[in-house]
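Me: I would like to learn how to read this structure. Could you take me through it step by step?

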Amino acid sequence: MQPRRNLFTSESVSMGHPDKVADRIADAILDHMLGRDSRARVACEVVVTGDHVIVAGEINSRKSLTHPQVVSLVRDTIRACG
C-alpha cells in the first residue's frame, strides 16, 4: 500500500483586491436585506473590475430592494474600502 499524499493550497489577496471588494458588496446587500426582513433569502453575486461593478442574483423578501438602493449600497461600500 502506498502512502497517501495530500496537497494543500490556499489563496490570499490583499485589501482592495476586486475579490475582497465584491465580497464586501455582497455582504452589504445581505446585511441590508436581513436588517429589513429577517426571513429574506439572498443569493447575490458581485463582479468588480476596473470601474465597473455587476450585481446579479435573486432576492426573496417581503421588502423590496430598488436599483437606487443597490447603487447606494455599492458606492457606500466602495467608499468604506478606501
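Reply: Gladly! Let's begin with Thr77, which sits in helix H2 (residues 67-81); helices are DSSP runs of H or I with at least four residues, strands are runs of E with at least two, and both are numbered from the N terminus. Keep in mind that this is a predicted model, where local features need pLDDT of at least 70, side-chain atom pairs count only at pLDDT 80 or more, and totals for chains, interfaces and linings use all residues. Residues are numbered from 1 along each chain as its sequence is written, and side-chain values use heavy atoms, with hydrogens and water left out.

Me: Is Thr77 buried or exposed?

Reply: Buried means under 20% relative accessible area, exposed means over 50%, and partly exposed lies in between (1.4 Å probe, protein chains only). Thr77 has a relative accessible area of 9%, so it is buried.

Me: What does Thr77 touch, not counting residues up to four places away in sequence?

Reply: Contact means heavy atoms within 4.5 Å. On that basis Thr77 touches Arg24, Ile25 and Ala28.

Me: Which residues make up the largest nonpolar core?

Reply: A nonpolar core is a set of buried Ala, Val, Leu, Ile, Met, Phe, Trp, Tyr and Cys residues joined through side-chain atoms within 4.5 Å. Here the largest one has 11 residues, including Val21, Ile25, Val48 and Leu73. Helix H1 (18-36), strand S1 (41-49) and H2 each give two or more residues to this core, and H1 provides the largest share, 5 residues. As for Val48, its contacts beyond four places in sequence are Pro18, Val21, Ala22, Ile25 and Val53.

Me: How many salt bridges are there in the whole structure?

Reply: Side chains of opposite charge can pair when their charged atoms come close. A salt bridge is a side-chain nitrogen of Lys or Arg within 4 Å of a carboxyl oxygen of Asp or Glu. A search of the whole structure finds 2. One joins Asp37 and Arg62, with the closest N and O atoms 2.8 Å apart. Asp37 lies in the loop between H1 and S1 and Arg62 in the loop between S2 and H2, so this pair ties together parts that are 25 residues apart in sequence. Asp37 is buried at 3% relative accessible area, whereas Arg62 is exposed at 66%.
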